[in-house]
Amino acid sequence: DEAREIIEMAHVPEVLQLFIDKMMALETLNAESVKAVLKDIQKETGHKGKNLFMPVRVGITGQVHGPDIAVVTEILGKALTKERIEFCIKHHCVK
């Protein structure tokens, strides 16, 4: 229920799409570059803290708790991370 509440917030589709776009543009995907992407999204949208990190976490893992999302993204890689977020957008973020 908590994950659904987060993913249904109005700003989430924008944040998740920005995350995909910026992540896919990375030359090297690692935890540090993912953290830089999140910082860029924060500056661009004004969303920070829980309003930024939780939608990305839920979009990738479907969970509200877990390991560092930057590390998870590095392990999953670009293709699988993108696939998971797009699935989330398609099935949960449409209002």
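How many residues has H2, and what span does H2 reach from its first C-alpha to its last?

## Helix H2

In this predicted model, H2 has 13 residues and reaches 18 Å from its first C-alpha to its last. That span is close to the 18 Å expected at 1.5 Å a residue.

Seven names make up the list of buried residues in H2: Val12, Val15, Leu16, Leu18, Phe19, Ile20 and Met23.

## Packing of H2 and H3

Two packed helices are described by the angle between their axes and by the distance between those axes. Helix H2 covers residues 12-24 and helix H3 covers residues 31-45; their axes come within 10 Å and cross at roughly 135°. H2 is therefore oblique to H3. The crossing of the two helices is right-handed.

On the H2 side, the contact is made by Glu14, Val15, Leu18, Phe19, Lys22 and Met23. H3 contributes Val34, Val37, Leu38, Asp40, Ile41, Glu44 and Thr45. Sorted by class, the contact holds eight nonpolar, one polar and four charged residues. Among the H2 residues in this contact, Val15, Leu18, Phe19 and Met23 are also buried.

## Helix H4

Helix H4 spans residues 50-61 and has twelve residues. From first C-alpha to last, H4 reaches 15 Å, close to the 16 Å expected at 1.5 Å a residue.

The buried residues in H4 are Leu52, Met54, Pro55, Val56, Arg57, Val58, Gly59 and Ile60. After H4 comes Gly62, which has a positive phi, near 80°.

Conventions:
Residues are numbered from 1 along each chain as its sequence is written. This is a predicted model: local features need pLDDT of at least 70, side-chain atom pairs count only at pLDDT 80 or more; totals for chains, interfaces and linings use all residues. Side-chain values use heavy atoms; hydrogens and water are left out. Axes are lines fitted to C-alpha atoms, for helices over the stretch in contact, and angles run from 0 to 180 degrees between N-to-C directions. Helices (H or I, at least four residues) and strands (E, at least two) are DSSP runs, numbered from the N terminus. Angles under 35 degrees count as roughly parallel, over 145 as roughly antiparallel, 65 to 115 as roughly perpendicular and the rest as oblique. A crossing is left-handed if the near helix is turned anticlockwise from the far one by less than a right angle, and right-handed if clockwise. Contact means heavy atoms within 4.5 Å. Ala, Val, Leu, Ile, Met, Phe, Trp, Tyr, Cys and Pro count as nonpolar, Asp, Glu, Lys and Arg as charged, and the others, Gly among them, as polar. The expected span of a helix is 1.5 Å times one less than its number of residues. Buried means under 20% relative accessible area, exposed over 50%, partly exposed in between (1.4 Å probe, protein chains only).
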